[in-house]
Amino acid sequence: MTATIIDGKAFAAKVRGQVAEHVTRLKEQHNITPGLAVVLVGEDPASEVYVRSKGKMTVEVGMKSVEHKLDAETGQGDLLALIEQLNNDPEIHGILVQLPLPKHLDEDLVINSIDPAKDVDGFHISNVGLLGTGQKSMVPCTPLGCLMMLREHHGSLSGLDAVVVGRSNIVGKPMAQLLLGDSCTVTIAHSRTKDLPEVVRRADIVVAAVGRPEMVPGDWIKPGATVIDVGINRIERDGKNKLVGDADYASCAEVAGAITPVPGGVGPMTIACLLANTLTACCRANG
Ligand code: GUN
């Protein structure tokens, strides 16, 4: 079997197009421009690339983009003061603090100081609770993008066996909640899971979100299953710098029914969902 490639890049372009149309209407009919503020502390090169890309796409869909780059030694008090200022700024509808933060900052405290209504990452404890109880919330962008691709490919996910490999607060846990919300039978597997290959082999849907390059090989995949690869890992191969996922693409694509590529799968959908969340936050703020 050769898997269908789920084209996240094309899907994301479609979603951004829909967001852009909505933004145009908001401007024309209500004179409102959605605004997204991104806060980056320190100089992590990967984070700088993400933040630049987010800023560019925010502007492309017609939103206002504000970037706050703070130096690595910024104190907790100064960061909290900036968040408070953004919480109170009526032109800012979404706030994203890029993670990871430098070690001296308390990540939980910082995230929980964001107004939950502006928390476009969906990381605030009240959004996590709302999602977990099936109530209206801000939904984390990466899992939301994965769910959209799964729904597009499968139609209904009801009754499917889903295995999420990875238990992070950013991807693994919210992904499991979303799949449960769509009536999948969900397993969260992780580094301590007994007989991980056997657990993954049961799945109709595998979401690989462990942050380990090419960790899931094709012989862990049930023939015809769908593989959603959240990993973005830079490796050296044949003297070249290469971007690979958490699934071994070549062997998984031989067995799976469908698979997301890296790059061009989950990554672009994450940013598209961030823009969609900013639009949602803006619409909710303006009734
Ligand atoms: N770092 C890696 N992924 C993310 C994300 O989705 N949001 C934020 N804020 N930081 C990240």
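**Notes on the model**

1. E214 is found in the loop between strand 7 (205-208) and strand 8 (226-229), where helices (H or I, at least four residues) and strands (E, at least two) are DSSP runs numbered from the N terminus. Phi of E214 is near 55°, a positive value in a residue other than glycine. E214 is buried, with 20 other C-beta atoms within 10 Å; a residue counts as buried if 20 or more other C-beta atoms lie within 10 Å of its own, as exposed if 12 or fewer, and as partly exposed in between, with C-beta atoms placed from the backbone.

2. On the basis of these notes: this is a predicted model, in which local features need pLDDT of at least 70 and side-chain atom pairs count only at pLDDT 80 or more, while totals for chains, interfaces and linings use all residues. Residues are numbered from 1 along each chain as its sequence is written.

3. D195, which is not a glycine, also has a positive phi, of about 50°, and sits in the loop between strand 6 (185-189) and helix 8 (196-201). D195 is exposed, with 9 other C-beta atoms within 10 Å.

4. The domain assignment, whose bounds come from an automatic or database source, gives domain 1 (31-115) and domain 2 (141-267). Their C-alpha centres lie 28 Å apart.

5. Which residues are around the ligand? They are L96, V97, Q98, L99, D121, C141, T142 and I170, a residue being near if its C-beta atom, placed from the backbone, lies within 6 Å of the molecule. Strand 4 (94-97) and helix 6 (141-154) are the elements that give two or more residues to this shell. Domain 1 and domain 2 both give residues to the shell, so the ligand lies between them.

6. A cis peptide bond, with omega about 0°, joins L99 and P100, and P100 lies in the loop between strand 4 and helix 4 (107-111). The bond from V262 to P263 is cis, with omega near 0°; P263 is in the loop between strand 11 (258-259) and helix 10 (266-285).

7. In helix 5 (residues 125-132), N127, V128 and L131 are buried. Seen down the axis of helix 5, the buried residues fall within an arc of 105°, so they line one face of the helix; the arc is that of the directions from the helix axis to the C-beta atoms. The face turned away from this buried side carries the exposed residues I125 and G129. Helix 5 is followed by G134, whose phi is positive, near 70°.
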